[in-house]
Amino acid sequence: MKLKNISITFLVILVTWLLLNGNLKLPVIGIGVIVSLTVTLMFCTKCDLFSDLKLNPKSIFYMIAYIFVFIWELIKANFDVAKIVLSPSLPINPGILEVNTKLKSKMGRLILANSITLTPGTLTVDIIDDKMYIHQVAITDIDTKKATNSIVRTFEKYLEVIYG
Amino acid sequence: MNLYIDIAGAIITLIGSLFLFLGALGLLRMPDLFNRIQAGTKASTLGTILTLLGIGIINFDWIGKIIVLIIFVLITNPVSSHVLARAAHFSGVHMTRRAIIDLLKPKLKVAKPEEQSEIISKEPLN
């Protein structure tokens, strides 16, 4: 468990370093390996950022699929906002709804809340226990179950596989 | 060949700036704070991503840095808007009159005005 945590943190720091440098010369890689190993061992022997992450072929496939689903939802969200902002009557119907989430891990919830904030007309205001409070611009269903289905399920079915 | 890449990058940057413009328009037109945050967050996220990506296509050496920037924007932008909305709701910012429902309000433990005045009156006067 601990080894997985440390190695993923190390890889993230190393990849960030290589992207920032933009080349693959030997000194750059060497310094990157040394520095990211030091930073990881100094600061991340006790952190549990990635300990809920599952690593099997199915979850890796779902991670890649999730990126595309997310980009598609982000584009849809922007056209939604554009439509509302540009129409003269400003067709909004705002309010704060309550939805349920099945995710247990912290990281999974963080990604779910962030994804909900970036998708059509929804903004996560608060999380209390298993309930998320979501501000929506154009409400269609007040009912908690229906709102859960329409807002959360799109992402949750992927994140369930990735984070459990 | 180089010209086409330049044109493609310029078009993507232009689309990004259009989204940024729509976000600014949303900030002006929306009636209350929560809706303004909504318009600001979404439009500025995609706008920033597309603008950066266009620059990355024109100047291909920078693409690594651009990807790091895009990931930072994707992580931090929703967090900041969520914190703003939460703080606003806790400090009692009113929603617009067109709002139809607020299920978070009953969950908040806000001191009632009479309790507050009691607390104030109990303090010693000197």
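**Pockets, domains and one glutamate**

I start with the second largest pocket: 16 residues line it, and those nearest its centre are A:Lys106, A:Met107, A:Arg109, A:Leu110 and A:Ile127. Two or more lining residues come from each of α4 and β2 (122–128) in chain A, and from α3 in chain B. Of these, α4(A) provides the largest share, seven residues. Please keep in mind throughout that this is a predicted model.

How much space lies in the second largest pocket? About 330 Å³.

Now the largest pocket. Here the space is about 1,700 Å³. The lining runs to 39 residues, and nearest the centre of this pocket are A:Ile67 and A:Ile111 from chain A, with B:Ile71, B:Leu74 and B:Ile75 from chain B.

Which elements each supply at least two residues of that lining? In chain A they are α1 (2–21), α3 (57–86), α4 (106–117) and α5 (144–163). In chain B they are α2 (33–58) and α3 (63–90). The element that gives the most is α3(A), with nine residues.

As for the classes in the lining of the largest pocket, 36 residues are nonpolar, three are polar and none is charged.

Next, the domains. Chain A is assigned a domain 1 (2–43) and a domain 2 (57–163). Between the C-alpha centres of these two domains of chain A the distance is 33 Å. Both domains take part in the largest pocket, each giving at least three residues to its lining.

A:Glu98 sits in strand β1 of chain A, which covers residues 95–100. Is A:Glu98 buried or exposed? Its relative accessible area is 13%, under the 20% cut-off, so A:Glu98 counts as buried. What does the side chain of A:Glu98 join in a polar contact? The partner is the side chain of A:Tyr133, at 3.2 Å.

To recap: the largest pocket is lined by residues from both chains, its lining has no charged residues, and A:Glu98 is a buried residue with a side-chain polar contact to A:Tyr133. That is what I have.

Note on methods. Residues are numbered from 1 along each chain as its sequence is written. Chains are lettered from A and ligands numbered from 1 in the order in which they are written. This is a predicted model: local features need pLDDT of at least 70, side-chain atom pairs count only at pLDDT 80 or more; totals for chains, interfaces and linings use all residues. Side-chain values use heavy atoms; hydrogens and water are left out. On a 1 Å grid over the protein atoms alone, a cavity is a set of points where a 1.4 Å probe fits but cannot get out, and a pocket is an open set with protein on both sides within 12 Å along at least five of seven lines; lining residues have an atom within 4 Å of a point. Grid points are joined across faces, edges and corners, and a volume is the space filled by probe spheres set on the points. Helices (H or I, at least four residues) and strands (E, at least two) are DSSP runs, numbered from the N terminus. Ala, Val, Leu, Ile, Met, Phe, Trp, Tyr, Cys and Pro count as nonpolar, Asp, Glu, Lys and Arg as charged, and the others, Gly among them, as polar. Domain bounds come from an automatic or database domain assignment. Buried means under 20% relative accessible area, exposed over 50%, partly exposed in between (1.4 Å probe, protein chains only). A polar contact is a pair of N or O atoms within 3.5 Å; within protein, one must be able to donate a hydrogen and the other to accept it, and residues adjacent in sequence count only if both atoms are side-chain atoms.
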